[in-house]
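Visitor: I have this one open and have not looked at it before. Can you walk me through it?

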Number of protein chains: 2
Amino acid sequence: MEAAPLKILIADDEPDIIEIISFHLTKAGFNVMTARDGSEAIEKAKLFTPDCILLDIMMPKRNGFEVCEYLRSNKQFDKTLIVLLTAMNDEASHIKGLELGGDDFVSKPISPKVLLSRISALFRRIQPTSGESKIINIKDLVIDPAQYRTTLKDINFVLAKKEFELLYLLAAQSGRVFLRNEILSQVWGNDVIVGDRTIDVHVRKIRAKLGIDCITTVKGVGYKFDY
Amino acid sequence: MEAAPLKILIADDEPDIIEIISFHLTKAGFNVMTARDGSEAIEKAKLFTPDCILLDIMMPKRNGFEVCEYLRSNKQFDKTLIVLLTAMNDEASHIKGLELGGDDFVSKPISPKVLLSRISALFRRIQPTSGESKIINIKDLVIDPAQYRTTLKDINFVLAKKEFELLYLLAAQSGRVFLRNEILSQVWGNDVIVGDRTIDVHVRKIRAKLGIDCITTVKGVGYKFDY
DNA sequence: GGGTTTACTTAACAATTTAATAACCTAATG
DNA sequence: CATTAGGTTATTAAATTGTTAAGTAAACCC
């Protein structure tokens, strides 16, 4: 499952800047579009709803502050990241830009690499937690789905397949209550028919093996991981 | 609807820096805690689970990079913002910090105002993510249906299923009066037949467990949530 | 392949938690 | 001050989960 590339709009009146940033962002896999002034930035933003907009502050027609303020007043761009770029490195502009709703403020001269890693950091933060198979690490408990390994305080615990899958499901969304139905369909699949007691028994075995109380029963509802 | 103050942990080995940042953040309404080295930072982070951690890179025991890496490997701190502070303004450190999972990177000399507005921008951005679902947050009372969790002043209260559902129903439309019929059909369903006394008993249990008077009786009409 | 081990499921029962009701008490209302 | 709705408590019933043991199927290993 591959996601569509993230769209980034660059608004700057200096062609050189656009070109160099554009080059680096494209190379990094973003879908890049450009604007040469504030008005064009707003037009293109409406047209393409980019995921992120880089706004130079000093632009013709409408400056970056104005564009930022406009976008922020529009619910359509709630989730759009705004990064302000500027040669003015004064504190007041910096604060003003953030207060108008900017997500980041980068002073020129801009290092493309730094800009890229800042944008990545912002995207990483707002990206909904992807459901990829990843190692779960909660306090001293490590659950590695690639190796089917569970360790607590560096001691390895051998969980059976179903036990492991159940634990992993719950721990992946720690705190959230899983209904028995959800557990059944996630761990056992929708066509397999097993009784409710089966879940209990597996929960019991996990609790017994790990020796810690990490799965909480929510009576009448389901189970949740809580540690 | 007032939320609990956001917790920020400042980790720096220079007392002057701690003091000045601490002063500004406290004044801005944050709940500030401090650490003098990397190990202390990790300890306090585990203890208090702050919403944001400011990490100086050059610290004794464990440097900011190490602390950042450690925190990011631990699911407990998934949602914790990490801001790296440093005197080193080189590009490599900057990128390294962000790649290790830092959310922002601020070079010294730090302007407290700029730092504050950057932190605010970060919080503003993640706020909708964390509080978007159906979590009810009234003053110091939090009711999270996904977790079947009720907390008052950060203390967890265990409500039974019906109690929770009743409380959630009322709190979801705080202030509005619910007729007994409405409550019955929403919480118990239309086909179940239970007496009026049953509602009373559940209301009583909620009031007793939470220890606060958050459900008001409207005699002859019904109940409303009022807190 | 025969024997052994391991994991999974189920059934039966125990333990616990939760829900509902009755009966009585209290407070509000007119 | 009588009436009535709601509060309280205790008791009982019901629902839900925990536990153990045993049966079955699959995997493993000479």
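Guide: One definition to start with: a residue is buried if 20 or more other C-beta atoms lie within 10 Å of its own, exposed if 12 or fewer, and partly exposed in between. Also, this is a predicted model.

Visitor: OK. Which residues are exposed on the face of α2(A) turned away from its buried side?

Guide: Glu43(A) and Leu47(A) are the exposed residues on that face.

Visitor: And which residues of α2 of chain A are buried?

Guide: Helix α2 covers residues 38-48 of chain A, and its buried residues are Gly38(A), Ala41(A), Ile42(A) and Ala45(A). Viewed down the axis of α2(A), these buried residues fall within an arc of 95 degrees, so they line one face of the helix.

Visitor: What comes just after α2(A)?

Guide: Thr49(A), which takes a positive phi of about 35 degrees.

Visitor: Those strands, then. What is the order of the open sheet of five strands in chain A?

Guide: The order is β2-β1-β3-β4-β5, with parallel pairing. The edge strands are β2 and β5 (104-107) of chain A, and each of them pairs on one side only. On average, neighbouring strands of this sheet are turned by 20 degrees against each other, direction ignored.

Visitor: How many bridges are there between β1(A) and β3(A)?

Guide: Four, and the two strands pair in the parallel sense. Within that pair, Ile8(A) stands opposite Cys52(A) in β3(A).

Visitor: Which strands does helix α1 of chain A touch?

Guide: Helix α1 (residues 15-27) packs on the sheet and touches β1, β2 and β3 of chain A. The direction of α1 makes about 165 degrees with that of β2(A).

Visitor: I clicked on Thr34(A). Where does Thr34(A) lie?

Guide: Thr34(A) is in strand β2 of chain A. Thr34(A) has 18 C-beta neighbours inside 10 Å, so Thr34(A) counts as partly exposed.

Visitor: What is Thr34(A) in contact with, leaving aside its neighbours within four places in sequence?

Guide: Ile10(A), Ile18(A) and Ser22(A).

Visitor: And how many Å separate the C-alpha atoms of Thr34(A) and Thr198(A)?

Guide: Their C-alpha atoms are separated by 58 Å, and the two residues are 164 residues apart along the chain.

Visitor: Change of topic: the two protein chains. How many residues does each of chain A and chain B give to the contact?

Guide: Chain A gives 28 residues and chain B gives 24 residues. On the side of chain A that touches chain B, the elements giving two or more residues are α4 (91-99), α5 (112-126) and β6 (136-138) of chain A. α5(A) gives the most, with seven residues. By class, that side of chain A has 10 nonpolar, eight polar and 10 charged residues.

Visitor: Now the DNA. How many residues surround DNA strand C?

Guide: There are 24 residues around DNA strand C, and the closest are Ala160(A), Lys161(A), Val194(A), Ala160(B) and Lys162(B). Both chains contribute: α6 (161-172) and α8 (196-210) of chain A, and α6 (161-172) and α8 (196-210) of chain B, each supply at least two residues of the surface near DNA strand C. The residues of that surface divide into nine nonpolar, five polar and 10 charged.

Visitor: And DNA strand D, which residues come nearest?

Guide: Of the 17 residues around DNA strand D, the nearest are Asp200(A), Thr217(A), Asp200(B), Arg204(B) and Thr217(B). The largest share of the surface near DNA strand D comes from α8(A), with six residues. By class, the residues of this surface are four nonpolar, four polar and nine charged.

Visitor: Last one. What is the order of the open sheet of three strands in chain B?

Guide: The order is β10-β12-β11, with antiparallel pairing. β10 (177-179) and β11 (215-218) of chain B stand at the edges with a single partner strand each, so one side of each is left without a neighbour in the sheet. β10(B) and β12 (residues 222-225) of chain B pair over three bridges, and Val177(B) stands opposite Lys224(B) in β12(B). α6(B) packs on this sheet and touches β10, β11 and β12 of chain B.

Definitions and conventions
Residues are numbered from 1 along each chain as its sequence is written. Chains are lettered from A and ligands numbered from 1 in the order in which they are written. This is a predicted model: local features need pLDDT of at least 70, side-chain atom pairs count only at pLDDT 80 or more; totals for chains, interfaces and linings use all residues. Two residues are in contact if their C-beta atoms, placed from the backbone, lie within 7 Å. Ala, Val, Leu, Ile, Met, Phe, Trp, Tyr, Cys and Pro count as nonpolar, Asp, Glu, Lys and Arg as charged, and the others, Gly among them, as polar. A residue is near a molecule or strand if its C-beta atom, placed from the backbone, lies within 6 Å of it. The arc is that of the directions from the helix axis to the C-beta atoms. Two strands pair if DSSP finds at least two bridges between them. Axes are lines fitted to C-alpha atoms, for helices over the stretch in contact, and angles run from 0 to 180 degrees between N-to-C directions.
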